[in-house]
Amino acid sequence: MTVTHLLLLPVLVPMFAGALLAMMPARWQRRQRSLSIAAALALLPLAIVLLRVADSGVIPVAAMGNWPAPFGIVFQLDRLGALMLTLTAVLALATSVYASCGDARLGRHFDALFQFQLMGLNGAFLAGDLFNLFVFFEILLIASYALLVHGGGERRIVPGLHYVLINLVGSSFFLIAIGVLYGVTGTLNMVDMGARLGTLDADAAHLVAAAGTMLQLVFLLKAAAFPLYFWLPRAYAGATGAVAALFAIMTKVGLYAIVRTQALIFALDAGPLAGFMHDWLWWMALATLAIGAIGALGAREVRVLTAYLVLTSVGLLLAGISVQSAPAWSAALYYLQSTTLCTAALFLLSEALDTQGEPDSRAARAAAAAAADSVAADRAAGRRPGIRLEGALFMVAAVAAAGLPPLSGFLGKAMLLRATVGPLAPVLWPAVLVSSLLLLIAVSRTGSRQVWSAPHVYHGVRSPTRRLVLRRWKLACVVLLLAGNVALVVFAKPMERYLDATVGQLFDIAAYRKAVLGAGHVGNADHAGAGDAAQSGRGD
């Protein structure tokens, strides 16, 4: 099997697995869970192989139907795409195993929807043109609509309805922006579109700027940036633990799309969106950082706290992206991995630590009864139910999420601060330090309250032996995610080298043109050199 064929597998594996799961009878629950876990497990070695291929510096391209770009649909793999595929595979394995311990039984077709969600995520990271990026966005969003309300209850249905309506509006604007860009440039391929933008006249450039700004606003909506963030806290806090953990990477898809289109289409500092990126995105990032920290300070449940931690990380990542320098983007990509893993771990732990706000459903009432029996048994045996391994894991995840040493969250923030120079540094440094202090207070207060008082909940499971087995599997999933945070610290130097090469590749537009459009393609010289100019950074 060639590398070209391997590029298709991250999309084909969950697609066929999801189709098989959807056709299975409802009574085959154990087989469904086994197939879902096997499909998620298969993605991990596949992603590692693709990561090694991408690390060679080659950009493999798969043209559907052998139609060459820019006329046909292409999948392209670079270091950034391979990194996101690997992060998704790790997250998918942990959340699929965790969901099989209880969350998947709360509703029908959970496993099929889970696989279609992975199909959309992987496809978005491989898409080489704007329309297919839109298609895979819609696939992952349609699956997320159902996963968000999985299990029922007012706490999920109402935010889920808001989530659906907001994303439908965003998708409409996404399609309008794509249509305008296609009408102006005559192409949908991102590399080819970027090459053609440099040849447009002044009137067309204004249309491109308007459509490009609309496109970035759609991505900011999906990333939950201020003032488009209001859907995220309630939606993520209401979802089940496994769904919310998988959604930890959903906001990062919007951030990925900003980086991808900004590098390949809009020419960074020399492009038509330079004003928007400089004058608006920076302040939107700081506002998102502030809103997330203040919201976390007022949270009383772990799941609500974690939702605002996700929002805080979005603000910090956007700040790094808006700097538009190679060191800042490298630091942002490092921090993206750290915050995705630790917030996903916190969402998984929230089921064990939160005692309030469960949806009014039969499963929730059964869970409450099981929890009450567990607490009574612990007290009869003289055990204090709040002191358990969940508390220690919460502390590790909270330290990483708040950005405290020695874990990867601290390294990511330190790298971002080091990369921000010039007039931006006096603004970002106090914002990061103050927000980190607020997050430290928030995780300490909420964690202390919940860890010491919360019984562990297993939906309708009364057998002590069964509860012990489920607890071990669930904690193993949390440990897997937190081990990723530890690995980011242990292998920080090799990871930094990989990320520096990733950003250098993003700025090398000529390499993308040669790989996607062919060696004979001649692009616009100004656009090709814009990436090199951007590496010096805005603050110099």
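Me: How are helices H8 and H22 oriented to each other?
Reply: This model is predicted: local features need pLDDT of at least 70 and side-chain atom pairs count only at pLDDT 80 or more, while totals for chains, interfaces and linings use all residues. Residues are numbered from 1 along each chain as its sequence is written, and side-chain values use heavy atoms, leaving out hydrogens and water. Helix H8 (residues 190-197) packs against helix H22 (residues 509-517) at about 125°, with axes 9 Å apart. Angles under 35 degrees count as roughly parallel, over 145 as roughly antiparallel, 65 to 115 as roughly perpendicular and the rest as oblique, so H8 and H22 are oblique.

Me: Is isoleucine 166 buried or exposed?
Reply: Isoleucine 166 belongs to helix H7 (residues 154-185). A residue is buried under 20% relative accessible area, exposed over 50% and partly exposed in between, using a 1.4 Å probe and protein chains only. Because its relative accessible area is 18%, isoleucine 166 is buried.

Me: What distance separates the C-alpha atoms of isoleucine 166 and lysine 222?
Reply: Leaving aside neighbours within four places in sequence, isoleucine 166 contacts Leu221, Phe230 and Trp231. Along the chain, isoleucine 166 and lysine 222 are 56 residues apart. Their C-alpha atoms are separated by 9.3 Å.

Technical notes: Axes fitted to C-alpha atoms, helices over the stretch in contact; angles between N-to-C directions. Helix = DSSP H or I, 4+ residues; strand = E, 2+ residues; numbered from the N terminus. Contact = heavy atoms within 4.5 Å.
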